[in-house]
Amino acid sequence: MTTRTALVTGASRGIGLACAKALAKAGNKVVLAARNLEKLEAAAASIREEGGQALAITIDLSSPESIQESIKKAIAEAGPIHILVNNAGVTKDGLSMRMKMDDWNQVIQTNLTGAFVAAQAVMSGMMKERWGRIINIASVVGEMGNPGQANYVASKAGLIGLTKSLAQELASRNITVNAVTPGFIETDMTAVLSDEQKERITSLIPLKRLGQADDIAAAVAFLASDNASYITGHILKVNGGMYM
Ligand code: NAP
């Protein structure tokens, strides 16, 4: 079996780290990318200890220059990127009436523009390989809307549109582009919620539990595999049924 290389952004913790581990377990070489090199090195080392192939690279998704440079470096060190998981994401919540331009721009720049620039940086390599997978981690709120998160929701709804456009542009080169829309997943991002908020959210979820990072990683590993070769432009809900 040929070893493919997967680059996962935001792989230092949470969903990104779980995706990197699942992709490594499936036999891919993984490049873990985020800002905190120390955490990335530790994560890459833990994957290697379990017999996987992994290396760490710093990237700042809020800077197109950083993305282009880091991906160039990743390709030089790990070879062509076959699988890109655009997972890194940030929130800067607040009601629209008072939202600062900085908070709007930072979230759109990181979550949406960052994903586009990363996709742009890997697509010519994927075209040459005549095989590619781009998987964008959007969110259930990108499908439903959410008060207090206009910037985040717009970035995630944008990712859904981006997924469908790229899927159409790249299909003839055997590159599939899909999105996963997680519901509420227990990570640092949702650790700020109070127990009361978590109980209220759980009551709205038919499967009656919050999701785990591994629930998302399993979906990503499937979309990255040969088993998903006829699926493109798909938005895969992994949300316990909270939005159908
Ligand atoms: P998390 O625990 O907060 O982790 C976010 C990751 O993104 C970290 O690895 C962080 O690493 C990286 N990151 C943040 N800003 C970055 C930047 N400018 N450049 C590079 N890397 C950056 O979040 P999570 O819960 O795992 O979420 C992962 C993705 O799933 C996000 O896109 C999020 O929107 C989406 N999602 C999460 C949930 C949920 O309930 N948790 C639900 C729906 C969608 P550094 O700080 O080291 O850079």
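**From a strand to the ligand**

Author: Asn 136 lies in strand 5, residues 132-137. Helices (H or I, at least four residues) and strands (E, at least two) are DSSP runs, numbered from the N terminus. This is a predicted model, in which local features need pLDDT of at least 70, side-chain atom pairs count only at pLDDT 80 or more, and totals for chains, interfaces and linings use all residues. Residues are numbered from 1 along each chain as its sequence is written, and side-chain values use heavy atoms, with hydrogens and water left out.

Is Asn 136 buried or exposed? Asn 136 counts as buried, because its relative accessibility is 0%. Buried means under 20% relative accessible area, exposed means over 50%, and partly exposed is in between (1.4 Å probe, protein chains only).

Which residue does the side chain of Asn 136 meet? A polar contact of 2.9 Å joins it to the side chain of Asn 86. A polar contact is a pair of N or O atoms within 3.5 Å; within protein, one must be able to donate a hydrogen and the other to accept it, and residues adjacent in sequence count only if both atoms are side-chain atoms. Asn 86 belongs to strand 4, residues 83-86. With a relative accessible area of 4%, Asn 86 is buried. Asn 136 can also be set against Thr 181: 45 residues separate them in sequence, and 8.6 Å separates their C-alpha atoms.

Now follow the chain past strand 4. Gly 89 lies in the loop between strand 4 and helix 4 (101-129). Gly 89 is partly exposed, at 29% relative accessibility.

The side chain of Thr 187 reaches the backbone nitrogen of Met 189 at 3.1 Å. Thr 187 sits in the loop between strand 6 (175-182) and helix 7 (195-203). Its relative accessibility is 18%, so Thr 187 counts as buried.

Thr 187 brings us to the ligand. There are 31 residues around the ligand, and Thr 187 is among those that come nearest, with Ser 12, Arg 35, Asn 87 and Tyr 152. A residue is near a molecule if one of its heavy atoms lies within 4 Å of it. The shell divides into 14 nonpolar, 12 polar and 5 charged residues. Here Ala, Val, Leu, Ile, Met, Phe, Trp, Tyr, Cys and Pro count as nonpolar, Asp, Glu, Lys and Arg as charged, and the others, Gly among them, as polar. Helix 1 (14-25) and helix 6 (150-170) each supply at least two residues of the shell.

Which atoms come close to an oxygen atom of the ligand? A polar side-chain atom of Arg 13 lies 3.3 Å from a ligand oxygen. For Gly 183, a backbone N or O atom is 3.5 Å from one. Taken alone, the ligand exposes 890 Å², and the protein buries 95% of that. Accessible areas come from the Shrake-Rupley method with a 1.4 Å probe; for residues, only the protein chains shown count as cover.
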